[in-house]
Every structure is written in structure tokens, then in C-alpha cells.
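Could you walk me through this one in the viewer? I have it open and would like to know what to select next and what is there.

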Amino acid sequence: MITVRGAFQTKFGELWEQSLEDLIVEAGEGAIKDAGLPKNKIDLVIVANMLAEQNHLGALAVQLLGLDQVPALRVEAACASGGVAVSQAVTALKAGAAENVLVIGAEKMTDKSNGQIALALMGAASEVERQAGLTFVGLYGLMARAYFDRFKITKNDLAYVAIKNHRHASRNPKAQYPFPVEMETVLKSSCVASPLHLFDCAPITDGAAAVVVSNQFGEVELVSSQIATDSVSLTERESLTELKATKIAGKKAYAQAEVGPVDIDLAEVHDCFSIAEIMAVEDLGFCQKGEGAETIKNGDFDHNGRLPVNLSGGLKACGHPVGATGVKQIAEIVDQLRGRAGARQVKNIRIGLTHNVGGSGGTAVVNILRKL
Amino acid sequence: MKSPVAIWRRQKTNYRNLGAVGRVVSKTRIIETPSGFIGPYWVVLVQLKQGRTVGQWADEAEPKIGMKTIGILRRIGDVEPSEVIEYGVKWKKW
């Protein structure tokens, strides 16, 4: 059995007083303390990060945390770095290479200008896309336009994603934007890459999260952890209105956990852009294809809905420190399943799901967790 | 700084779609541009016989979904005075 014994998330936001190293220490110390383990019981460290110019992050984390000379490595899979890192921890545990793995996701984004960040994020795209000056927002803008044309929705329909996730974030003190927003604010925000406006986009965020994944008994079981990949380039995909990697990773994760979408009590999905959440809830089977926007608008995925989605505020309102996001999603579900999610706690829940995407869909990771 | 060698190497592929004709299947207007690009500008997703590609739109007329388009030779991105200017394919109405 694989369990998540400890979980911790730092405050997300523009953390000007904290460096990447500070964030790694805060998250790592927090998760180890939460696990109730002495430091010498950690026998593998995996650091998830996408953008740091500082290399050798695995060994650096071990040094900063004062751990024994344990093996350590860095995992990079664009915005799915965190999810892939957790999945790699599971692989190490199943192989018998470790008993307690500390997975830290950390990213420091606000030391760079917006233009530098846009360029750095384009590193997750193909060379043709980079040459076209096609930003990360632009890639999802192309998908949103194709989705608009196929399913006849408008930017007004996208707005309900931001409104829901900001409403959820207003209950999360660690969120970057812990306040609700009105429809008018969302619609009047400036355009970033048409048809996507500022409030359709996850922000630039500093933050870290960490979990201790273990083969020892714990309160929360990590029942399945599945990765799937697809073409890095959007031009090579079969469809512009769904992410095949999400569908495959989801299908494999449901099969491994022996559950289906109807069994999921709550989920954290990868809403880097509003259109991404709409496609995610469809691709994960939470609603029919083409009905994502309407289902969100109807409140099915609200705090008191049939399947609460992104109670943390999601990437949109809790924040998106890219390499840390996949780990933070696990920490959020663990908090919920352990009944310590404070004002955003949902009652009578047993099974939670996380969904983490890299780039425009080149990697997807789906994890399913169960309360023991 | 852009590597002159990398730009030289990319010549083999940069002009692949020069003169190719296809149709616009999606589009986005990039307002917040990355470092090294001057905007705003349109990027179009073009369906060609041999598959899809993306590129910047280089026409005064706004791109429309379904519009017939042709690949033309244009300068790519912005450069510093000491850098090599890179050329590649952009798209215009056909």
C-alpha cells in the first residue's frame, strides 16, 4: 500500500521576501513534521521544478533540509512536473528503493518579468510554436477558439470557471487571490491572447508544496498514479478540443483504482486557463463532451455541488507556481480527506482525484486518493 | 543571444511550407508578447494537405476561420544589433 503520510503547502502569491531555497525549506520541513517522521526516515528526495536557473536542486534540497546523504533528483515535465514527481515516488516505493519519499514542488516566478516568464513557459512547446511567438496562453487561445466554433459557447461561458474558482479561493487562506469576483470584472479584464482574457488565466505565482509518500500505514492511500503523454506540439494532435493525454491517464487511473468518475467525491483539476478546466471535466468523464461549460455554470462543481472541483481555488485563484502545482493538488486533496481543510472542508468524502497537465497537453498525470 | 549556428541549421526546415496553401482552422491574437517579439500579432493554426502547422499572420486583413491562406517568407522575431536575423514562413490571405 502507498500512502501520503504528510502534506504541506506554503502561502501562494507574490512572495518577494522568499527565495526558491526558502520555499523548498518551508514546504519540506512542513511535510516532514506533518508526517510525524524523524528526518533520518526520509530515504529519497524528489524536487519538482520547471523554471529555476539553479540546477542540482535535488542535492540542494537535501542540504537545505539537513537530511542524511540520501539520493535526490529533480523532475521536470513543464507544469506537470509535480504530478510526475509524485508518480516517480510511487515507482520508487513499489520497486523497494525507498520507504519514505519526500516530494517537494517549488517555483519562484516573480523574480522574472512577464515577458521573460512568457518566453520561459514557451520552453514547454515545440520549436515551430516558439518561432511563431505562440505563447502558452496563445496555445490555449487556439484551443478555446476551436472549442467555441465546435460547441457554440462564448467567452461569457468561460467566465463561470473564474467566478467559481475565486469563490472557492475565498475560503482558502493560502490562495494567491482569496476573494470572489463578479462576472463584470472577469469580462472587462484585458485580453491576453484572444479569446482569453486576464481572468481566464492562472497567475504568475511563487510557492511550494511537499508531501511524504510512503509504503507505511497512513490516513490517506494513494490508490493510483498514472502518467500519459501526447504530442508536445498542438499541430500534431488528433483533436483541438480535448486532451488525449488526460483521457488516457484518467482511464488508466480509474482502472488501477477500480473506480469510475461517478465514484469521485472531489477533484483538483488543471485549470491553467478557463478552457482547460472545461476540457478537463469532460476528458475525466465528470460530464459529457461539450457540456463542461454548462455543467460548471449550473453549479455541479461548486463547493456544495455533486462533485466539488478546485476547492483550493484551482490554478486560477489559488495560484500556479508551475512546477509545484501537481504536488499542491495532492496536498489539497489529502487535507480534505483528513478533514482539516478549514472553511472549504467538504463532509462525507472518501475518494479524491488530482489532474495535472504539462504544456498544452503533452503530459497529463491523474492521481486517485482514498481515505483509509 | 540566438545561436547563429542554430538559425543556420533551422534553414533546412524553416522554409518547408513556403508557398504551401491551406485553410485557417483556429486563430489567436497575442497581446501579451514574450521577450524577443513585438506585438500584438495574430497566430494562425493552418490545415495543409500534409497536416497542420502554426505561424504568424502577415496580412492587413484579419484572419478568419476557413480562410484560404498561403505561406510567405518573412523575418521572424526581433533581434539585437549583434544577432543574426532569422527568416521563416508566415501566412497571408490567398
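**Start with chain B**

Select chain B: its secondary structure comes to one helix and five strands. Read from the N terminus on, the elements go α-β-β-β-β-β. Keep in mind that you are looking at a predicted model.

Among the contacts in chain B with a separation of 6 or more, 55% are between residues 24 or more positions apart.

**Where the chains touch**

Bring chain A back and pick the contact between the two chains: 26 residues come from chain B and 26 residues from chain A. On the chain B side, β1 (21-30), β2 (41-48) and β3 (51-56) each supply at least two residues. Colour that side by class and you get eleven nonpolar, eleven polar and four charged residues.

Three bridges join β9(A) to β10 (residues 351-358) of chain A, and the two run parallel. Click Leu266(A) and look for its bridge partner in β10(A), Gly352(A).

**A stop at Gln9(A)**

Gln9(A) lies in strand β1 of chain A. Is Gln9(A) buried or exposed? Gln9(A) counts as buried, because it has 29 C-beta neighbours inside 10 Å and 20 or more is enough. Leaving aside neighbours within four places in sequence, its contacts are Lys174(A), Ala209(A), Lys328(A) and Ala331(A). For a sense of distance, draw a line from Gln9(A) to Glu238(A): they are 229 residues apart in sequence and 36 Å apart in space, C-alpha to C-alpha.

**Into the nonpolar core**

The largest nonpolar core has 149 residues. Those with the most contacts inside it are Val103(A), Ile104(A), Ala210(A), Val211(A), Val213(A) and Val327(A). Helix α6 (residues 136-151) of chain A gives the most to this core, with nine residues.

Centre on Val103(A). Leaving aside neighbours within four places in sequence, Val103(A) is in contact with Ile46(A), Ala48(A), Ala85(A), Val86(A), Ala89(A), Ala210(A), Val211(A), Val213(A) and Val327(A).

**Last stop: helix α10 of chain A**

Select residues 274-283 of chain A, which make up helix α10. Ten of its ten residues are buried, so α10(A) is largely enclosed by the rest of the structure. Charged residues are included: Glu277(A), Glu282(A) and Asp283(A) are among the buried ones. To see what covers the buried residues of α10(A), show elements of chain A including α6, α7 (155-169), α9 (244-257), α11 (292-297), α12 (314-317) and β10. Finish on Gly285(A), which follows α10(A) and has a positive phi, near 85 degrees.

Terms used: Residues numbered from 1 in each chain as written. Chains lettered and ligands numbered in written order. Predicted model: local features only at pLDDT ≥ 70, side-chain atom pairs only at ≥ 80, totals over all residues. Contact = placed C-beta atoms within 7 Å. Helix = DSSP H or I, 4+ residues; strand = E, 2+ residues; numbered from the N terminus. Core = buried A, V, L, I, M, F, W, Y, C linked by C-beta atoms within 7 Å. Buried ≥ 20, exposed ≤ 12 C-beta atoms within 10 Å, placed from the backbone. Pairing = 2+ DSSP bridges.
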